[in-house]
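Trainee: How should I read aromatic ring pairs in a model like this one?
Mentor: Let us look at the structure before going through them.

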Amino acid sequence: MYLPPHDPHVDDPMRFKPLFRIHLMERKCATVECMYGHKGPHNGHIQIVKKDEFSTKCNQTDHHRMSGGRQEEFRTWLREEWGRTLEDIFHEHMQELILMKFIYTSQYDNCLTYRRIYLPPSSPDDLIKPGLFKGTYGSHGLEIVMLSFHGKKAKGTKITGDPNIPAGQQTVEIDLAHPLQLPDIETLRDFSELSRIVLEVQEQVRREEQEEEQRQEEEDRSQQTASQPAAKPLGGEGAEGEETAAGAEGTTQNKAPASQPFVLPMGVISRNEDYPRTCRICFYGTGLIAGHGFTSPERTPGVFVLFDDDRFGFIWLELKSFSLYSRIKVSFQNAEAPSREAFDEMLKNIQSLAT
């Protein structure tokens with residue numbers, strides 16, 4: 001397991017924690033040991049589920065228990081997961097979220113299913129190199145997000161989740177066709193001014209989407225009624241318009257924009273006060289928010305702020321909150337870790353021995 005740094009130190013390296021280990025013996029026998037808990041390695045089990053997926057099971061979960069009971073387990077987990085004690089956390093809402101996470105994660109006792117993560121492809125036209133980023137999420141602490149590019153859009157997908165937004169959901173979406181021109185530094189401190197700028201772009205995006213839907217409906221009707229493709233000129237104009245927009249987008253992304261001063265507006269909450277004070281470019285975007293249990297999810301407007309090749313931020317307008325993201329640079333391997341091919345072969349050997 002690669003744990004994120006302790007909140008809110010988003011630029012710190014990931015923390016490595018082994019969860020199980022496999023011994024392949026010369027006599028074609030294999031042993032699996034669970035590494036969870038504080039009593040040392042003990043008996044475990046691994047099973048292949050399907051391609052790119054396997055499950056682990058601990059056969060001696062009593063090794064995960066502590067003499068002081070759940071309270072001692074919670075305090076130990078809190079020190080390891082958050083780098084602090086319960087007495088350090090004064091915010092009642094944060095205490096509630098942390099307790100929910102402990103209950104949720106500890107119930108599995110290292111009986112887990114693992115799925116391989118495929119990183120997004122990289123293109124020379126991308127704004128920055130896609131990949132995995134650590135991000136601040138208020139009282140939820142640090143979470144892992146995968147940034148990918150899809151033409152005029154960029155997406156941040158959660159690799160780790162929380163009680164509100166689970167893993168696999170698209171936490172932020174960036175509209176690369178709509179860059180934002182920030183005001184001067186003093187005006188930017190006024191949250192209402194930033195809000196006005198973002199909401200104007202949101203309305204512009206809404207109108208453009210409606211016009212595109214109407215154009216598509218007219219084109220479809222023309223194609224259905226005409227004996228010859230009378231809608232072809234319209235399609236040609238639309239295609240030219242798309243090329244122009246894509247061209248403008250390419251110009252926006254490929255240009256090396258000059259650095260400009262940046263400051264968070266007054267009233268915007270940030271877990272990390274050590275954010276960069278200059279940025280390259282900003283875009284309109286939306287962020288996904290929801291209640292506990294992913295109830296009533298909705299996309300709300302925000303600002304994507306590109307600081308450099310390895311850091312970006314997102315201002316959640318409705319929450320008046322700021323998330324700072326820093327690229328994960330760890331190679332996700334250690335000196336004893338097998339290659340992907342070797343690990344796949346190892347799992348096959350264990351499966352054949354089990355059957």
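Mentor: Phe102 is buried, at 6% relative accessible area; buried means under 20% relative accessible area, with a 1.4 Å probe and protein chains only. The model is predicted, so local features need pLDDT of at least 70 and side-chain atom pairs count only at pLDDT 80 or more, while totals for chains, interfaces and linings use all residues. Residues are numbered from 1 along each chain as its sequence is written, and side-chain values use heavy atoms, leaving out hydrogens and water.

Trainee: By what is a pair of aromatic rings described?
Mentor: By the distance of the centres and the angle of the planes. Rings of Phe, Tyr and Trp (its six-membered ring) pair if their centres lie within 6.5 Å; planes under 30 degrees apart count as stacked, over 60 as edge-to-face and the rest as tilted. The structure holds 19 such pairs. In one of them, Trp77 and Phe102 are tilted, with 5.3 Å centre to centre and 55 degrees between the planes.

Trainee: Is Trp77 buried or exposed?
Mentor: Trp77 counts as buried, at 13% relative accessibility.

Trainee: Why is the pair of Tyr137 and Trp316 edge-to-face?
Mentor: Because the planes are at 65 degrees, with the ring centres 6.3 Å apart. Tyr137 is buried at 10%, and Trp316 at 5%. Ring pairs also link both residues into a cluster with Phe133, Phe283, Phe304, Phe312, Phe314 and Tyr325.

Trainee: What sits over the ring of Tyr137?
Mentor: The charged end of Lys158, 4.5 Å from the ring centre. The criterion is NZ of Lys or CZ of Arg within 6 Å of the ring centre and within 35 degrees of the ring normal.

Notes
Buried < 20%, exposed > 50% of the residue type's maximum accessible area, 1.4 Å probe, protein only.
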